[in-house]
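Here is a short note on the model you are about to open. Please read it with the coordinates at hand.

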Amino acid sequence: MSLPAGWVEKSSKSHPGRVYYYNSATGESIWEKPTAPATSGGSGSSGNSVRASHLLVKHRGSRNPSSWKEKEITRSKEEATEMVKEFRNRIMSGEVSFEDLARKESHCGSASKGGDLGSFKRGEMQKEFEEVAFKLKVGEVSDIVQTASGTHIIKRTE
């Protein structure tokens, strides 16, 4: 099956043996195979987008087990899940805001922005992450979400 117009399949240097898709119109890269032609509006076929923030805790089984926060990550997936459960409990109880905790605890580069990932369309994020983000109501915080990147909680902001 060929790719929609404007998309190119490339081999990942950071994840040998894995391919990603490059949008020559915008310069964006995505892991999931695109479903619509490359445009400046992204790869989503529905045209709907969401804006979300997340808090990510990586574990040794993550596709890239290092981050700005920890050079070498050795925790198990179970330990990461317990950490994120506790973070979610603190947020839901009102002890701390999602954004403040993401700034302090998230392993993603988006931590500096309180976990804000900006707006995205379908096909631009890992499938498991995207499915949850699009189901959330604005302001709602997800339960635990597992992806190849690690263990997340997601907050839909738009």
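This is a predicted model: local features need pLDDT of at least 70, side-chain atom pairs count only at pLDDT 80 or more; totals for chains, interfaces and linings use all residues.

The points below cover a sheet, a residue ahead of it, and some salt bridges.

1. Three strands form an open sheet in the order 1-2-3, with antiparallel pairing. Strand 1 (7-11) and strand 3 (29-30) are the edge strands, each pairing on one side only. Strand 1 pairs with strand 2 (residues 19-23) over five bridges, in the antiparallel sense. In that pairing, S11 stands opposite V19.

2. A5. This residue sits in the segment before strand 1. A5 counts as exposed because its relative accessibility is 55%, and the cut-off is over 50%. Leaving aside residues up to four places away in sequence, A5 touches P37 and A38. From A5 to S93 the C-alpha distance is 47 Å, across 88 residues of sequence.

3. Salt bridges within helices. The structure holds nine salt bridges. One joins K85 and E82 at 3.6 Å, N to O. Both lie in helix 1 (residues 77-92), three residues apart, about one turn of the helix. K85 is partly exposed at 39%, and E82 is partly exposed at 48%. In helix 2, R103 and D100 are also three residues apart. Their closest N and O atoms are 3.2 Å apart. R103 is partly exposed at 41%, as is D100 at 44%.

4. Network. Salt bridges that share partners join R51, D116 and E158 into one network.

5. A longer link. E99 and K155 form a salt bridge, with the closest N and O atoms 3.1 Å apart. E99 lies in helix 2 (residues 98-105) and K155 in strand 7 (residues 150-156), so the pair ties together parts 56 residues apart in sequence. E99 is partly exposed, at 25% relative accessible area.

Notes
Residues are numbered from 1 along each chain as its sequence is written. Side-chain values use heavy atoms; hydrogens and water are left out. Two strands pair if DSSP finds at least two bridges between them. Helices (H or I, at least four residues) and strands (E, at least two) are DSSP runs, numbered from the N terminus. Buried means under 20% relative accessible area, exposed over 50%, partly exposed in between (1.4 Å probe, protein chains only). Contact means heavy atoms within 4.5 Å. A salt bridge is a side-chain nitrogen of Lys or Arg within 4 Å of a carboxyl oxygen of Asp or Glu.
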